[in-house]
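Subject: Structure handover

Hello,

Here is the structure I promised to pass on to you.

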Amino acid sequence: MYEETYLRRAIEISAEALTTPGTEPFGAVIVRDGKIIGEGINRSVMNHDPTSHGETEAIRDACRNLGTVDLRGAVLYSSCEPCALCVAAMNIAGITALYYAADMGQAGAVLGNLPETARFPVDVDRLTSECGHAVGDRLMPAQQHLDAEATAILKDWAGARS
């Protein structure tokens, strides 16, 4: 269920980018049982990590705070519509619902013409398109090798936990 307070908090976090070097204005909070369990701001530049988006940072924070990777039942509030990478992370973590403020079109209209020196360009349409395809059907070339060796390790790992 939508709670404006949490979306306002995500927007407040995004505003930290106005004064914090190495961050970008994308903030997120994760809520479960009426409590904020994780918060994040885009730290891609600061962390030298292209996956350090506000949503993934909030997921990491929530998981550390709870000592688990299971965020089923949690809701994510974001200052901006999450990209496909963040949506994938949300699904992996078990996030139940998403509420966001600015959409991709609005963000693109504001940030799309910045020079690369100000913000690394991300082709959101390509990212979204790529994520919907099997690995062999993606625009980025992919090849599979050494699958038997990798599968053997997976089997050993799973076997030790059975």
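Below is what was found in it, going from the whole chain to single residues.

A word on the basis first. The model is predicted, so to speak of a local feature pLDDT must be at least 70, and side-chain atom pairs count only at pLDDT 80 or more, while totals for chains, interfaces and linings use all residues. Residues are numbered from 1 along each chain as its sequence is written, and side-chain values use heavy atoms, with hydrogens and water left out.

**The whole chain**

The secondary structure comes to 7 helices and 4 strands; these are DSSP runs numbered from the N terminus, with helices being H or I of at least four residues and strands E of at least two. Read from the N terminus, the order is α-β-β-α-α-β-α-β-α-α-α. Of the 162 residues, 30% count as buried, where buried means under 20% relative accessible area, exposed over 50%, and partly exposed in between, with a 1.4 Å probe and protein chains only. The accessible surface of the chain is about 10500 Å², and 57% of that belongs to carbon and sulfur atoms; the areas come from the Shrake-Rupley method with a 1.4 Å probe, and for residues only the protein chains shown count as cover. Among contacts (heavy atoms within 4.5 Å) with a separation of 6 or more, 45% are between residues 24 or more positions apart.

Strand 3 and strand 4 (residues 97–102) run parallel and are joined by 5 bridges; two strands pair if DSSP finds at least two bridges between them. Cysteine 80 stands opposite alanine 102 in strand 4. Together, strand 3, helix 4 and strand 4 make a right-handed β-α-β unit. Right-handed here means that, with the strands pointing away from the viewer, the path from the first strand over the helix to the second runs clockwise. Helix 4 (residues 84–93) has Ala84, Cys86, Met90 and Ala93 as its buried residues, and the helix is followed by glycine 94, whose phi is positive, near 95°.

**Aromatic pairs**

There are 4 aromatic pairs. The rule is that rings of Phe, Tyr and Trp (its six-membered ring) pair if their centres lie within 6.5 Å; planes under 30 degrees apart are stacked, over 60 edge-to-face, and the rest tilted. Tyrosine 6 and tyrosine 77 have ring centres 5.4 Å apart and planes at 50°, so this pair is tilted. Because tyrosine 6 belongs to helix 1 (residues 4–15) and tyrosine 77 to strand 3 (residues 75–80), the pair ties together parts that are 71 residues apart in sequence.

**Salt bridges**

The whole structure holds 7 salt bridges, each a side-chain nitrogen of Lys or Arg within 4 Å of a carboxyl oxygen of Asp or Glu. Glutamate 12 is partly exposed, at 48% relative accessibility. Arginine 9 also bridges to glutamate 39, with the closest N and O atoms 2.9 Å apart. Since glutamate 39 lies in strand 2 (residues 35–42) and arginine 9 in helix 1, this pair ties together parts that are 30 residues apart in sequence. Glutamate 39 is partly exposed, at 27%.

Elsewhere, arginine 72 and aspartate 70 meet in a salt bridge of 2.6 Å, N to O. Arginine 72 is exposed at 59% relative accessibility, whereas aspartate 70 is partly exposed at 27%. Salt bridges that share partners join Arg43, Asp49, Glu57 and Arg60 into one network.

Glutamate 55 sits in helix 3 (residues 54–66) and is buried, with a relative accessible area of 5%. Leaving aside neighbours within four places in sequence, glutamate 55 is in contact with Ala28, Leu76, Ser78, Cys80, Pro82 and Cys86.

Glycine 40, in strand 2, is buried at 5% relative accessibility. With neighbours within four places set aside, its contacts include Ile13, Phe26, Ala28 and Glu57.

Best wishes
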